[in-house]
Amino acid sequence: GVARAASRPNVLLMLIDTLRADRLGCYGNPRRLTPNIDRLARSGTLFLQTVSQAPWTTPSHASLFTGLYPTETGCAHASTKGNRLEEGYLTWAEILQWEGYATAAFTSGIQVRGELGFNQGFDVYQDVDYDKSYSFESIFQRASRWLDEHEGEPWFLFLHTYAPHFPYKHRQYLGYR
């Protein structure tokens, strides 16, 4: 019931693909570029030692969702061949869903599309159109509406954006290199 739902914490997993830790104030950058993230870090959990299981999105997320290495999930290939989280791998979204959590994901990353198997365990999994993925507003609006619909129940919400990644213009770095 409601009393049990209130005793379980809500879970927000927000991944900002390609955002470097050394650009965040909560990790020591003095330039005050990320006041909202820094405020969230002060009131939430901040991990000081983390290791990515792969240098790119698909296998990293497959490991994050399952707790398995990329070689175990089959998402370790450098090409798109085989880089899919196949059915049968237990994700923590599935576990939370079984425990009565409402689960949703709003993503903008072509490498974490639902059709690649990342939708396992989610009641709602929406991939934002790729041409809108450079802006977090579309994802935020969808997530906000979903949260309003699930107020008062335990929820797990996964948000993913490539917003800091693009536009990447190689020419701007030629002089620096």
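Where in the chain does Leu46 lie? Leu46 sits in the loop between helix 2 (35–43) and helix 3. The model in every view is predicted.

**View 1. Leu46 and a nonpolar surface patch.** Tyr27, Leu46, Phe47 and Leu48 make this patch. The patch covers about 420 Å². Leu46 has a relative accessibility of 31%, so it counts as partly exposed.

**View 2. The largest pocket.** The space in this pocket is about 1600 Å³. Its lining comprises 38 residues, and Leu13, Met14, Leu15, Ile16 and Tyr27 are the closest to its centre. Strand 1 (11–16), helix 2 and helix 3 each give two or more residues to the lining. Strand 1 gives the most, with six residues.

**View 3. The tilted pair of Phe65 and Phe122.** A search of the whole structure finds seven aromatic pairs. In the pair shown here, the ring centres of Phe65 and Phe122 are 6.2 Å apart. Their planes meet at 45°, so the pair is tilted. Phe65 belongs to helix 3 (residues 57–66), while Phe122 belongs to the loop between strand 2 (102–107) and strand 3 (124–127). The pair therefore ties together parts that are 57 residues apart in sequence. Phe65 and Phe122 are both buried.

**View 4. The aromatic cluster around the pair.** Phe65 and Phe122 belong to one aromatic cluster. The cluster also includes Trp92, Phe118, Tyr125, Phe156 and Phe158.

How values were computed: Residues are numbered from 1 along each chain as its sequence is written. This is a predicted model: local features need pLDDT of at least 70, side-chain atom pairs count only at pLDDT 80 or more; totals for chains, interfaces and linings use all residues. Side-chain values use heavy atoms; hydrogens and water are left out. Rings of Phe, Tyr and Trp (its six-membered ring) pair if their centres lie within 6.5 Å; planes under 30 degrees apart count as stacked, over 60 as edge-to-face and the rest as tilted. Helices (H or I, at least four residues) and strands (E, at least two) are DSSP runs, numbered from the N terminus. Buried means under 20% relative accessible area, exposed over 50%, partly exposed in between (1.4 Å probe, protein chains only). Patches are made of residues with over 30% relative accessible area and no salt bridge: like charges are joined within 9 Å, nonpolar side chains (Val, Leu, Ile, Met, Phe, Trp, Tyr) within 5 Å. Accessible areas come from the Shrake-Rupley method with a 1.4 Å probe; for residues, only the protein chains shown count as cover. A salt bridge is a side-chain nitrogen of Lys or Arg within 4 Å of a carboxyl oxygen of Asp or Glu. On a 1 Å grid over the protein atoms alone, a cavity is a set of points where a 1.4 Å probe fits but cannot get out, and a pocket is an open set with protein on both sides within 12 Å along at least five of seven lines; lining residues have an atom within 4 Å of a point. Grid points are joined across faces, edges and corners, and a volume is the space filled by probe spheres set on the points.
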